[in-house]
Amino acid sequence: SLHNYGCAVDVSVCDRSSKKLLDMGTGFDSFSLLSQPSQEERLLKKGELTEQVLFNRRLLREVMSRVGLHGISTEWWHFSLCRQEEAAARFALIR
């Protein structure tokens with residue numbers, strides 16, 4: 001896993017004033033279709049995700065992208081610095 005090379009994080013966004021996590025439509029490690037960025041537009045049209053959830057997810061992706069981290073198509077919370085092959089070549093495995 002890229003996490004074991006220190007090259008991936010699982011994150012969300014917290015409201016500064018309330019200290020509560022923004023609604024992302026699912027919790028961390030929920031591996032349903034609702035968690036998949038690749039399915040967001042379809043799920044929005046079906047009413048299974050809200051505009052607010054999509055706004056919150058897009059905000060998270062924008063912030064993470066600005067610092068050089070990239071999301072994946074199956075988990076809204078997962079962001080990586082590089083691909084597994086690059087991580088293995090550049091960094092030590094954390095055990």
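1. Glutamate 40 is buried, at a relative accessible area of 3% (buried is under 20%, exposed over 50%, partly exposed in between, with a 1.4 Å probe and protein chains only). Glutamate 40 sits in helix α1 (helices are DSSP runs of H or I of at least four residues, strands runs of E of at least two, numbered from the N terminus). Leaving out residues up to four places away in sequence, glutamate 40 touches Leu49, Leu54, Arg57 and Arg61 (contact is heavy atoms within 4.5 Å).

2. This is a predicted model, in which local features need pLDDT of at least 70 and side-chain atom pairs pLDDT 80 or more, while totals for chains, interfaces and linings use all residues. Residues are numbered from 1 along each chain as its sequence is written, and side-chain values use heavy atoms, without hydrogens and water.

3. The buried residues of α2 are Val53, Leu54, Asn56, Arg57, Leu60 and Met64. Seen down the axis of α2, these fall within an arc of 160 degrees, so they line one face of the helix (the arc is that of the directions from the helix axis to the C-beta atoms). They pack against β1 (8-10), α1 (40-45) and β3 (78-80).

4. The face of α2 turned away from the buried side carries the exposed residues Glu51, Phe55 and Arg66. Glycine 68, with a positive phi near 90 degrees, follows α2.

5. The protein has three helices and three strands, in the order β-α-α-β-β-α from the N terminus. Of its 95 residues, 32% are buried.
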